[in-house]
Structures are given as structure tokens and as C-alpha cells.
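Dear colleague,

I am passing on the structure below, followed by some notes on what was found in it. Please read them alongside the coordinates.

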Amino acid sequence: MAELRKPEILKMLALSRDLPPEKRRAILQINLRQLEGNLSTDQVYDAAQNIDIDPLTLAKVFTGNDFILRYAIANQKRDEALEEVLAGVPSMSAEICRDFVAAVSQRYDALRFASFDTPLRFPSLRNFRWRVDVSLSTGRLSRNIRPCVLMEFALTDGTTRLFEMDIQRFHKFRYSVAAMLQEMILIDQIAGLKRQVREA
């Protein structure tokens with residue numbers, strides 16, 4: 001909580017409060033897309049050029065937004081918990097508070113996934129399609145009715161990956177993904193318990 005009371009954050013909130021709501025929300029959207037890994041540094045600059053405000057003000061508001069969003073994700077604050085924290089910050093208007101709460105709540109999972117502080121950032125999944133194909137015959141076999149699963153992954157860097165596997169391999173893949181997700185949930189719960197112990 002004390003982190004959000006830093007003078008530079010309070011100055012940013014004062015600047016943000018004086019901006020028209022549509023411009024303030026446009027900056028916040030750029031923040032969200034950048035944190036999710038969907039905008040490079042050059043693309044952030046290009047997007048910011050479309051917002052008609054003083055560049056210095058824009059830079060300060062953008063930096064303050066980034067700090068607040070990272071604070072919310074790092075401390076696992078969303079919905080009512082985030083609203084309670086932000087409501088206690090001086091210079092935080094009710095409208096700005098609602099904008100942050102709505103932004104974090106709607107895109108929490110994507111922001112949290114992208115928040116791991118690592119210099120190596122891989123593209124994330126943008127779209128996924130799949131289908132089951134059955135080959136009735138091949139050049140080698142006159143009769144082959146074994147189905148296979150085709151999966152197409154569209155990534156945020158613009159590339160598309162296509163995978164093909166038989167049903168047996170697909171079930172192994174499905175089991176491995178489920179086991180990995182279960183381990184991630186367990187790690188997340190342990191981290192939450194440790195944070196609660198430190199705050200107690």
C-alpha cells in the first residue's frame with residue numbers, strides 16, 4: 001500500500017485526473033497491451049502518437065499506470081480487493097479507480113502470465129483451432145481408418161504452428177497439460193499462503 005503513496009505516483013494521478021476520460025482510458029489500453037506482450041517499444045510509441053496530449057504528461061501517466069498495474073498483479077489484487085486498496089490512495093478519483101479495477105479484472109490472467117520478470121519473452125497464444133482427420137487410404141496401405149488430431153496455434157508474434165498427432169499421443173498430451181496446470185495452481189496457492197503469512 002505504501003508503494004502507491006510515492007510522490008511520483010500521486011503526481012501522476014493528479015495529471016491523470018485532469019485528462020479527458022477518453023484520453024486517460026486510451027493510455028491505459030496501451031499500458032495493458034504492452035504488459036500483455038502485444039506491443040513492442042516502437043509500437044507503444046506509435047500508438048501514443050495518436051493521443052493528442054503533451055508528450056511529457058503522456059509519459060508520466062503511462063509510467064504511473066504501469067506501476068499500478070504491476071503492483072496489482074504482483075500482489076494478486078483484483079475486483080473488490082484492488083478497489084479497496086486504490087480507494088485509500090490520495091488523488092485517486094472514484095472514476096480512475098473503477099477504470100483500473102475493470103481493466104485488471106477483465107484481463108487478469110493474461111496480465112499475470114505476462115508479468116513474470118524475465119529477459120526472455122515468448123509469444124503467447126492468440127487463437128487455437130483443431131479438427132479430427134481420418135485417412136481412409138494411403139499410398140502404403142489400401143485401408144487405414146486410424147484418426148489423427150490436427151491442431152493449429154496462432155501466436156501473438158504472427159506465426160502459425162500446425163501439429164498432427166494420433167489419438168494415443170493426443171491423450172498423453174492432454175494428460176501432460178492437465179498435470180502441468182494442476183502444478184501451476186498448487187504453486188500459486190503456496191505463493192499466496194506465503195504472502196498471507198508475511199502480511200500477518
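A residue is called buried here if its relative accessible area is under 20%, exposed if over 50%, and partly exposed in between, with a 1.4 Å probe and protein chains only. By that criterion, 28% of the 200 residues of the protein count as buried. The model is predicted, so to speak of its conventions: local features need pLDDT of at least 70, side-chain atom pairs count only at pLDDT 80 or more, and totals for chains, interfaces and linings use all residues. Residues are numbered from 1 along each chain as its sequence is written, and side-chain values use heavy atoms, with hydrogens and water left out.

The secondary structure comes to eight helices and three strands, in the order α-α-α-α-α-α-α-β-β-β-α along the sequence; helices (H or I, at least four residues) and strands (E, at least two) are DSSP runs, numbered from the N terminus. Taking contact as heavy atoms within 4.5 Å, residues 24 or more positions apart account for 60% of the contacts with a separation of 6 or more.

Two helix pairs are described next, with axes fitted to C-alpha atoms over the stretch in contact and angles running from 0 to 180 degrees between N-to-C directions. The axes of α1 (residues 7–18) and α4 (residues 55–74) come within 9 Å and cross at roughly 120°. That makes α1 oblique to α4, given that angles under 35 degrees count as roughly parallel, over 145 as roughly antiparallel, 65 to 115 as roughly perpendicular and the rest as oblique. In this pair, I9, M12, L13, L15 and S16 of α1 meet residues of α4 including V61, G64 and F67.

Helix α5 (residues 79–87) and helix α6 (residues 94–106) pack at about 150°, with their axes 9 Å apart, which makes α5 roughly antiparallel to α6. Here D79, L82, E83, L86 and A87 from α5 meet C97, F100, V101, V104 and S105 from α6.

N31 is buried, with a relative accessible area of 0%, and its side chain reaches the backbone oxygen of F62 at 3.0 Å. Leaving aside neighbours within four places in sequence, N31 is in contact with F62, N65, D66 and L69.

Terms used. A polar contact is a pair of N or O atoms within 3.5 Å; within protein, one must be able to donate a hydrogen and the other to accept it, and residues adjacent in sequence count only if both atoms are side-chain atoms.
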